[in-house]
Amino acid sequence: MSSQVRLRLLPRARCMFDEPLQVKVAGLRSRQVVTLRARATDEKGVMFSSMATYEADGSGELDLQRDPSLSGTYTGVQTMGLLWSMRPDTLHKMFTKTCSLNPQVVKFSVHEEEGGMLAEATNERLLVGDGVIRRPVKDGNIRGVLFTPPGEGPFPAVLDLYTFSGGLSEKRASLLASRGFVVLTVALYGHDDMAKNIKEVHLDYFEEAIAFLKKQDKVGSKAVGVISLSKSGDLALSIASNLPDVGVTVWINGCSANTMLPLYYNKSQILPALMCDLSRMIPTDSGAFNCKYVMQNPLAEENKATLIPIERAKGRILFVASEDDLNWDSKAYMENMVERLQRHGKDNFESVCYPGAGHCLEPPYGPYCPSSFHGVAGKPVLWGGEATSHAAAEVHLWRKIQEFLRTHLSCDAPQTKARL
């Protein structure tokens, strides 16, 4: 390594996962061409890496906020490109980061054209902010983790549904808590002492989870928010349509009908399941399948009983659809629901579409995933999207979600409030 070349990560090398990072290099020769690399290993031991070629300015400096990548896993001016463009060393792998306790550790390095390393630095990307309390929950039927922000509050309460990959994911919940929300993320199966697989879903479980969440210290909102993605999107809508204490629902790339498993409440089935036809999967040269049109049409007469009566929802709904979602046609599902709400005279919703984004819209700056194994399909599937557009959508959506939750989940004022 060169003792003259310095690689700096600003504002600090240890930051939150959803926090942007400025990468600067100094001490290069005037107009020197170098390669910047980033690499990280996920919880399953899969290595992800990225690279980009840059030319230093006349002073021998680089600033990724200013300078364009000339080639590599991304091109152009992309401040966080080295993070979101990281690719797995094995095809069809999604970056797995489900436990909030351990930060994502990213190694950055600068290399000469010949390959020799000139400088390196490590970035620790935290999922739990300072003072956030993480508490595993095993209460009645509920299995999950509760995250509580520091400070007296009161804070808005959010139920995070990351239920249909099996087990438990803490990433989104811990990051939301670090931004000022009390968040309960729950598992539906495959976690702790829960069944490994299920054949039906019961709304009573989520009713119990909402009641538990509302009882927590520091919770100030009378109603709770529910945030979802993919299959959990239809669960979120069913919760909002049937349970009274839901003030906000965030639906991300879900369906307008109850999918895959029948839905029960108070021991009675309230919605049958819209099923898929896996023979409609389209193989691609990459070895992954396009599943966009495997679901049956929810608007077909024989499937209308699976549609969720979202006009019953009393709270606000944020619909989010990726236009290049290849898991299913979430944009069409969203349009169907907007039309249904308008037909019922409802205006309690907002909708946002992201051109060039794929199915898996996550908190920003994680590696973009074009394809990975799908439990229902039993094969690798394409998620859709173009990496640059998808990364930009995640940044915009993360801000939008927080603003939407804060705006529509009003909190009771604390008993004593300091005034400046």
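Guide: Let's start in strand β12, where Arg-143 is found. Keep in mind that this is a predicted model.

Visitor: Is Arg-143 buried or exposed?

Guide: Buried. Its relative accessibility is 10%, and a residue counts as buried under 20%.

Visitor: What does the side chain of Arg-143 make a polar contact with?

Guide: The side chain of Asp-193, at 2.8 Å.

Visitor: Which other residues is Arg-143 in contact with, leaving aside neighbours within four places in sequence?

Guide: Among them are Val-137, Lys-138, Thr-185, Val-186, His-191 and Tyr-205.

Visitor: OK, zoom out. What is the strand order in the open sheet of eight strands?

Guide: The order runs β11-β12-β14-β13-β16-β17-β22-β23, and the pairing is mixed. β11 (133–139) and β23 (349–354) are the edge strands. Each has a single partner strand, so one side of each is left without a neighbour in the sheet.

Visitor: By how many degrees are neighbouring strands turned against each other?

Guide: By 20 degrees on average, ignoring direction.

Visitor: In what sense do β16 and β17 pair?

Guide: Parallel, over four bridges. β16 covers residues 219–227 and β17 covers 246–252. Ile-227 stands opposite Val-250 of β17.

Visitor: Which strands does helix α3 touch?

Guide: Helix α3 (residues 203–214) packs on the sheet and touches β11, β12, β13, β14, β16 and β17. Its direction makes about 155 degrees with that of β14.

Visitor: And which ones does α6 touch?

Guide: β13, β16, β17, β22 and β23. Helix α6 is residues 387–408, and its direction makes about 170 degrees with that of β17.

Visitor: What caps the N-terminal end of α6?

Guide: Glu-386. One of its side-chain oxygens lies 3.1 Å from the backbone nitrogen of Thr-388.

Visitor: Which residues in α6 are buried?

Guide: The buried ones include His-390, Glu-394, Leu-397, Trp-398, Ile-401 and Leu-405. As for spacing, an α-helix has 3.6 residues a turn, so residues three or four places apart point the same way.

Visitor: Switching topic: what does UniProt annotate for residues 201–410?

Guide: The unreviewed entry gives "domain: BAAT/Acyl-CoA thioester hydrolase C-terminal" for that stretch. In the model, residues 201–410 are 29% helix and 24% strand. The end C-alpha atoms of that span lie 30 Å apart.

Methods: Residues numbered from 1 in each chain as written. Predicted model: local features only at pLDDT ≥ 70, side-chain atom pairs only at ≥ 80, totals over all residues. Heavy atoms only, no water. UniProt positions renumbered as here; feature names shortened; annotations may be inferred. Helix = DSSP H or I, 4+ residues; strand = E, 2+ residues; numbered from the N terminus. Pairing = 2+ DSSP bridges. Axes fitted to C-alpha atoms, helices over the stretch in contact; angles between N-to-C directions. Contact = heavy atoms within 4.5 Å. Buried < 20%, exposed > 50% of the residue type's maximum accessible area, 1.4 Å probe, protein only. Polar contact = N/O pair within 3.5 Å; in protein donor to acceptor, adjacent residues only side chain to side chain.
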